[in-house]
Amino acid sequence: MSLLKSLVLTLLLLTAALPALRVKAQEAPCPFDESALSYAGTPREQARCLLRPVLVGGRLGAQLKDLPAPLDKLLGKDLEVSRDALKLFLAERNISEEDLGGSLSDSVSPANPLDPSAPLARYFVIHDVSTPNYLNAPFPADINEATWVWNDLRRKWASRKVTHVYVSRTGESATAVDFKSQLPDPHHGTKFARDHLRDKGKGLYLHVELVQPRRSDPQGATGNDRIAPLPGFTDAQLERLALVYIAASVRRGLWLIPAFHAAVDAGIPDAHDDPQNFDTARWAERLRTLLKAIKATKKSK
């Protein structure tokens, strides 16, 4: 083979490999500094990496070029929502602080309660429960209604101390573990925290599970749970998630950096694949609406 043909063949092989290389790069973990207990970059840069869309099978989409408003303006900026304003908003709507992760008068968990110099929680990790798995059956018609038993948070979820807060598809929430506390052992919330940070950074993350069923992909292995509803989450569910996020951030004293479970665990073998079909722009819009309503409530008093 001539030198020219050899070079051409090499270029063709490299070109063919580019998509695979891009996939590998976009599914790489976000750079993390264990000494600082922080991901690399500004809060907005961290969020752009940690909010990469979660695709079927746990693959990640491309890093966000821009965060949807108002996240693009909030992260890294001063928190302008006061405890008093939020308390007033909740009282007018008969929403209990205890259902949003605990009392607004308390702070959030330290990354390591045994280290006085450890930072408080910085990351708000969004999960989905991926339960139940309907296998080859279709999703029930009432999964977004109170009649679907898995939306009964007290009966099905609140006693499961594997996360801080659960949010139903009907827009209600229940606290399993107060945001002021780490998850009880042996739970860490993510494989990354369990395998890499362990106790020194276990409390760095606050965890919220969104109720969402799964079913099997006929192209996958028997019993797999790769398929989620589309759209993944209801407007009511996204609104309550936004409210929980505001409450947690108020307690922290700054805007927490939102993250997807799959992005936190990126690069770890057999990592989780949630939250599936999460629309970040729709969630951000619910956040914007709530912030306006909280501000309007304060002004009216």
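**Close-ups of a predicted model**

**View 1. Leu37 sits in the loop between strand S1 (32–33) and strand S2 (38–39).** This is a predicted model, so keep that in mind as you look around. Have a look at the backbone of Leu37: phi is near 50°, a positive value in a residue other than glycine. Most residues other than glycine have a negative phi. Is Leu37 buried or exposed? With a relative accessibility of 8%, Leu37 counts as buried, because the cut-off for buried is under 20%.

**View 2. Asn277 is in the loop between H8 and H9.** Here's another residue that isn't a glycine but has a positive phi, this time about 60°. Asn277 is partly exposed, at 27% relative accessible area.

**View 3. The loop between helix H8 (261–264) and helix H9 (280–299) also holds Pro275.** Check the peptide bond running from Asp274 to Pro275: it's cis, and omega is near 0°. Most peptide bonds are trans.

**View 4. Leu230 and Pro231 are joined by a cis peptide bond.** Omega is about 0° for this bond. To find Pro231, follow the chain into the loop between strand S6 (205–210) and H7.

**View 5. The largest nonpolar core takes in 70 residues.** Which residues touch the most other members? They are Leu86, Phe124, Tyr205, Ile246 and Trp283.

**View 6. Zooming in on Tyr205 shows its contacts with residues from elsewhere in the sequence.** Skip the neighbours within four places in sequence, and Tyr205 is in contact with Phe32, Tyr39, Tyr123, Val125, His164, Phe192, Ala193, Leu197 and Val264.

**View 7. Stepping back, the protein chain has 9 helices and 7 strands.** Its radius of gyration is 21 Å, close to the 19 Å that the globule rule gives for 301 residues, so the chain is as compact as a globular protein of that length. The C-alpha trace spans about 80 × 50 × 40 Å along its principal axes. Of the 301 residues, 48% count as buried. Take the contacts between residues at least 6 apart in sequence: 70% of them join residues at least 24 apart.

Definitions and conventions: Residues are numbered from 1 along each chain as its sequence is written. This is a predicted model: local features need pLDDT of at least 70, side-chain atom pairs count only at pLDDT 80 or more; totals for chains, interfaces and linings use all residues. Side-chain values use heavy atoms; hydrogens and water are left out. A nonpolar core is a set of buried Ala, Val, Leu, Ile, Met, Phe, Trp, Tyr and Cys residues joined through side-chain atoms within 4.5 Å. Buried means under 20% relative accessible area, exposed over 50%, partly exposed in between (1.4 Å probe, protein chains only). Contact means heavy atoms within 4.5 Å. Helices (H or I, at least four residues) and strands (E, at least two) are DSSP runs, numbered from the N terminus. The radius of gyration is taken over C-alpha atoms; the globule rule is 2.2 Å times the number of residues to the power 0.38.
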